Amino acid sequence: MTSKYIFLDVDGTLVSYENVLPESAVEAIHQAQANGHKVFTVTGRSKAEMYKEILDIGFDGYVGGNGNYIELADEVIYHKHLTGEETRKIVDWLLDRNLEFYLESNSGLYGSKNFRERGRQTVQSYVAYKGKDNAQDAAVESIFPEMLFDQDLYRDDINKISFVLESYQDYLAAKEAFKDYQVGTWGGRGEHALFGDVALANITKETAIQDLLAHENVDPKDTFAFGDAKIDIPMFNICETGVAMGNGGGEIKAAADYITDAAEDDGLYNAFKHFGLI
């Protein structure tokens with residue numbers, strides 16, 4: 001059997017939107033690896049958000065920051081991050097607009113002074129948007145359990161900066177202020193977005209997978225990509241087979257070659273079995 005390279009988004013794909021990791025997903029990954037396949041996470045999460053429960057699965061590699069960082073086993077292939085000067089410029093702009101934010105780094109997640117309090121409402125809206133119960137019980141700590149506060153925000157190791165949108169105009173203003181960067185939104189569609197973010201331009205999950213395959217001398221025809229959101233669609237451009245989770249949005253389902261069950265309904269296991277990976 002030809003070894004396949006399998007690329008998994010994390011939130012909404014490997015784990016549910018409540019950060020629950022199905023045992024069936026772990027079983028599927030281990031069985032696929034035992035069959036000679038390689039399994040990688042490809043996520044917007046920085047290394048600091050790859051908590052022990054996930055790392056203990058034992059992946060063959062990790063792509064983080066939506067493509068700005070590649071690690072194979074213990075080898076770092078590359079890490080493209082904001083400079084200290086760039087971070088300071090963005091942080092100062094956010095402070096001037098009284099927007100709460102957090103810095104995403106491999107060393108940790110660093111929240112602004114009032115992010116814990118202001119972010120609670122936005123986190124609850126995010127959980128509700130995903131159609132989950134008990135959204136009113138959500139807190140910043142339930143989504144970002146290891147976020148650090150009262151830390152220096154002028155850092156030189158930042159992958160991405162996310163900020164609470166007080167209005168859609170904040171996103172439009174950020175796009176205007178940071179034209180040379182990748183400025184996006186998440187947590188909702190269009191003017192209902194909850195967060196904005198700023199990162200280096202011209203970096204995607206697709207470019208990272210392309211670089212990883214070139215490094216490993218692997219033909220893209222031997223690849224699978226799994227995702228649940230619009231930001232995962234670029235993976236489908238490079239991978240032979242794109243699989244959308246049943247809990248995914250309409251756009252990624254339309255772009256997929258196959259739609260499996262929801263993450264919490266054994267979606268990964270069922271798709272691995274469907275394609276003969278296990």
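**Cores, aromatic pairs and backbone of a predicted model**

Modeller: In this predicted model, the largest nonpolar core has 28 residues, and those with the most contacts inside it are I6, L8, L14, F59, F226, L268 and F272. Four elements, β1, α1, β11 and α10, each supply at least two residues of this core. The most comes from α1, which gives 5 residues.

Colleague: What makes F226 and F272 count as buried?

Modeller: Buried means under 20% relative accessible area. F226 has a relative accessible area of 0%, so it is buried. The value for F272 is 0% as well, so F272 is also buried.

Colleague: Which residues does L14 touch?

Modeller: Leaving aside residues up to four places away in sequence, L14 touches D9, L21, P22, A25, I29, I54, I57, F59 and L268.

Colleague: Which residues are included in the second, separate core?

Modeller: That second core is separate and has 24 residues, including Y110, L153, F178 and V198.

Colleague: How many aromatic pairs are there?

Modeller: With ring centres required to lie within 6.5 Å, the count comes to 13 aromatic pairs.

Colleague: Why does the pair of Y102 and F144 tie together parts that are apart in sequence?

Modeller: Y102 lies in strand β6 (residues 101-105), while F144 lies in the loop between α5 (140-143) and β8 (158-164), so the pair joins parts that are 42 residues apart in sequence. Y102 has 2% relative accessibility and therefore counts as buried. F144, with a relative accessible area of 5%, is buried too.

Colleague: How do you know that the charged end of R116 sits over the ring of F149?

Modeller: The charged end of R116 is 4.0 Å from the centre of the F149 ring, and the limits are 6 Å from the centre and 35 degrees from the ring normal. R88 likewise lies over the face of Y154, at 3.7 Å from the ring centre.

Colleague: Which are the buried residues of α10, and what do they pack against?

Modeller: The buried residues of α10 are G267, L268, Y269, A271 and F272. They pack against β1 (5-8), α1 (23-34), β11, β12 (241-244) and β13 (258-259). Just after α10, G276 takes a positive phi of about 70 degrees.

Colleague: What is the phi of N66, and is N66 buried or exposed?

Modeller: Most residues other than glycine have a negative phi. N66, which is not a glycine, has a positive phi near 55 degrees and is found in the loop between β3 (61-64) and β4 (69-72). Its relative accessibility is 12%, under the 20% cut-off, so N66 counts as buried.

Colleague: Is N202 buried or exposed?

Modeller: N202 has 72% relative accessibility, over the 50% cut-off, and therefore counts as exposed. Its phi is positive, about 65 degrees, although N202 is not a glycine. N202 is found in the loop between β10 (195-200) and α7 (205-216).

Colleague: How do you know that the radius of gyration agrees with a compact globule?

Modeller: For 278 residues a compact globule would have a radius of gyration near 19 Å, and the protein chain has 18 Å, so the two agree. Along its principal axes the C-alpha trace spans about 55 × 40 × 30 Å. The secondary structure comes to 10 helices and 13 strands. Buried residues make up 54% of the 278 residues. Among contacts between residues at least 6 apart in sequence, 60% join residues at least 24 apart. The chain exposes about 12,500 Å², of which carbon and sulfur atoms supply 44%.

Conventions:
Residues are numbered from 1 along each chain as its sequence is written. This is a predicted model: local features need pLDDT of at least 70, side-chain atom pairs count only at pLDDT 80 or more; totals for chains, interfaces and linings use all residues. Side-chain values use heavy atoms; hydrogens and water are left out. Rings of Phe, Tyr and Trp (its six-membered ring) pair if their centres lie within 6.5 Å; planes under 30 degrees apart count as stacked, over 60 as edge-to-face and the rest as tilted. Buried means under 20% relative accessible area, exposed over 50%, partly exposed in between (1.4 Å probe, protein chains only). Contact means heavy atoms within 4.5 Å. The radius of gyration is taken over C-alpha atoms; the globule rule is 2.2 Å times the number of residues to the power 0.38. Accessible areas come from the Shrake-Rupley method with a 1.4 Å probe; for residues, only the protein chains shown count as cover. A nonpolar core is a set of buried Ala, Val, Leu, Ile, Met, Phe, Trp, Tyr and Cys residues joined through side-chain atoms within 4.5 Å.
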